[in-house]
Amino acid sequence: MTTAKNKFPAALLLLMGVLAFTGCSTKPVLPEGEDVIPPDFSAERVLGKDVEGLHEEAISDPWEGFNRSIYRFNYRFDKYIFLPAVGAYQAVTPDIAEKGIHNFFRNIQDVTTLINSILQLSFDKTMHTTTRLMVNSTIGLLGFINVASDVPRSDEDFGQTLGHWGVGTGPFLVLPVMGPSNVRDGIGLGVDWYALKEIRDRTTDLETWQELTWDILKALDLRAHTAFRYYETGSPFEYEWVRLLYTTKRKLDVER
Amino acid sequence: MRRLFSGWLISFAVQAGVVNGWMVSSAATQQLDDTLKNVNKTFSGSEAGWIMTSVKNSFYTYLVLLVTAIALVGCSTTPKPKGEAAFPPSNATSYDYPFDNSYLATVLGTPEKYRAELPKEIPLKKRKIKIFDRDVPEALWSDAELRYSYALQKKAAPLIFLIAGTGASYDGGKNTNMGKAFYEAGFHVVSISSPTHMNFIVSSSKSGVPGHVFEDAEDIYRVMEKIWGKLKKKIEVTDFYVTGYSLGGLNAAFVTYLDEKRQVFNFRKALLINPPVRLYSSISLLDRMLENIPGGVDNFPLFYNKLVEEIGRVYKRVDQLNLSEDFVYQAFNAVDPGNEELAALIGVSFRISSANMAFTSDLMTDAGYIKPKNVSFTKNTSPGEYDAVAHRLGFTDFFHVYFYPYHKELNPELTRAELIGQMSLGNIEDYLRSAEKIEVMHNQNDLILEPGDIDFFPRVFGDRAKIYPKGGHCGNMDYRDNVAHMVNVFRQ
């Protein structure tokens, strides 16, 4: 079981590699032998020479075709697996338990924040997060109750840590299931995941089924608290907006 | 129609962020207050010139909107359900909606403590329905079916249809809150996106060219009939009602007008909330709001980028986003953004709507408006430069270069002035004057109306027009007096 779990990310990477190389064109299709019939408002007519488009700023997206494919995959994964599962989870779980589980995973997330706050040499964040962790893990019954709600909470991850030390984002990347990301943050996600897993293995004595329950609950909790729905924004430019806003958001996360 | 920067763009930011685990905690205001003071200190003196000031203010606006969006997404407080009790109007003798300024009202809406108490959750079902048996363009594959929602009572009850405003979705904030109010008051509720929303255009617009009041009414009516066809096995309905806000209010008027002929629903009552009088005047006003961007419309992307930059500066200093709605209003009071910045934001919000609508329609019809006629999109095609072009064009461009030529081809005699005249409540003025079933709820300072246009309503509707002294464009829809009025209209 453990081996199967370890193989999962490797298989994904392989899949991504294959998809990236097979490529998917993002060009519009023009019938062979035809010239483009200029539209009423062509770019030359509407956009001044020096006018920059809103979505044209420097976000590197060389794997756009692949990203768009994964974006669609995520929609289907949501539709057929993830969202129905979340619905079922919410239906059978009493609200108070849901809240407790949410707090529990946020407390676990504080472990990741602590590690990265230290790696970023941020004294304030380290102190706050340590306080939160200590209080919530004890008085807060392993984090199920957010007792330390008055202590500032921040979310730091390894992607931000890399950014903090000057590592660029690399190209935009849509991760299977996880959604918008970039190469740096994708690597960060892997590192954080591995670190948490190691810590869990070393501090707990969980059976495989218990670990599995943990992982599944974590995924359900995350999706339950994520309002985003693929293809429901009412915009034919949704992919561009997500790319722009994700990139902006992460830039701000790193800076703060 | 008040689908602001927040409603669309920022919810994206929030959502995209949350996808990756960015959770917003519930909150104490003090810390942010302090942060804001620090920020104020940091800004004052460091930059000069009105452009920076306005950008700074806009940035605050943006931040506040961001906070609003997060607050709405994340941590709304939970009022207790209260059965079928009426929504009591406030006890105040005068109308005490808090914002006198129409721009502020339009952007901020109604602060929590002024809102009608609504249930946190109602038994809302989100569904999809096939309206036409037709293929949709490959790039629009995910919108082949219409998305809508309903909430049904367990016993016989009246059914109310809600029509969203420009570019807005059936599950946008306004329709969601109206739905809660009407459900709580004992109605079956069916919520429908605006005919200008991408999903509606692709799945349910017969022509694929939205915006014509009569054609949109036909499309909406068809949608209502199809949905009713599905629901009628499940429920007992005593009467049918219809309402809509902004463009949805205009739609509701023409749907009711159409219903007189079709008689499928025989609407017993209709309520038009903040409708435009002449659609062309309203879209012109909205297009012009973008001129408030420092440096003009050319600077739209720059405007956005600067906003983001400025937000970044503050965001850096906020160690924790401790958010509550109170903070939003406190911050706004402290910042006092100018009308130009607010107007620019409203303009941007509507510009995004118009870009979405125009480009979707262009993809549907291959009219060659932005996309060359003979070029087609696959599922993976990137809109590229068409994206930038779409956001540079307004509703009035759409009207003159796409919409009018389309209708002129169907009817060669049609002049521009005639078409503009058709898109107006004045077009069915005689009907509206005599139609006792139609009521209006509007605001004296609604900014989508030309000066004096508000008088159309008392003149034509008489007592059936309720005009509030303030509220801007749809800003007071959640205010308790307004919700009470909305519900009472249909209870009579």
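User: In what order do the 8 strands of the chain B sheet lie?

Analyst: Two strands pair if DSSP finds at least two bridges between them. Strands are DSSP runs of E, at least two residues, and helices are runs of H or I, at least four, numbered from the N terminus. In chain B, 8 strands form an open sheet, in the order β1-β2-β4-β3-β5-β6-β7-β8, with mixed pairing. The edge strands are β1 (124-129) and β8 (465-468) of chain B, each pairing on one side only. From one strand to the next, the twist averages 20°.

User: What is the basis for these values and numbers?

Analyst: This is a predicted model: local features need pLDDT of at least 70, side-chain atom pairs count only at pLDDT 80 or more, and totals for chains, interfaces and linings use all residues. Residues are numbered from 1 along each chain as its sequence is written, while chains are lettered from A and ligands numbered from 1 in the order in which they are written.

User: Which strands pair with β5(B) in the parallel sense?

Analyst: Strand β3 (residues 157-163) of chain B pairs with β5 (residues 237-245) of chain B over 6 bridges, parallel. Strand β6 (residues 269-273) of chain B pairs with β5(B) over 5 bridges, also parallel. B:Tyr241 in β5(B) is the bridge partner of B:Ile160, and B:Tyr241 stands opposite B:Lys269 in β6(B).

User: What is the hand of the crossover from β5(B) to β6(B)?

Analyst: Point the strands away from you; a crossover is right-handed if the path from the first strand over the helix to the second runs clockwise. Here the chain leaves β5(B), passes through helix α8 (residues 247-262) of chain B and reaches β6(B) in a right-handed β-α-β crossover.

User: How do β1(B) and β2(B) run?

Analyst: β1(B) and strand β2 (residues 146-151) of chain B run antiparallel, joined by 6 bridges. B:Leu124 has B:Ala151 in β2(B) as its bridge partner.

User: Now the helices. At what angle do α9(B) and α14(B) cross?

Analyst: Two packed helices are described by the angle between their axes and the distance between the axes. Axes are lines fitted to C-alpha atoms, for helices over the stretch in contact, with angles from 0 to 180 degrees between N-to-C directions. Helix α9 (residues 279-289) and helix α14 (residues 395-410) of chain B have axes that come within 8 Å and cross at roughly 130°. That makes α9(B) oblique to α14(B). Under 35 degrees is roughly parallel, over 145 roughly antiparallel, 65 to 115 roughly perpendicular, and the rest oblique.
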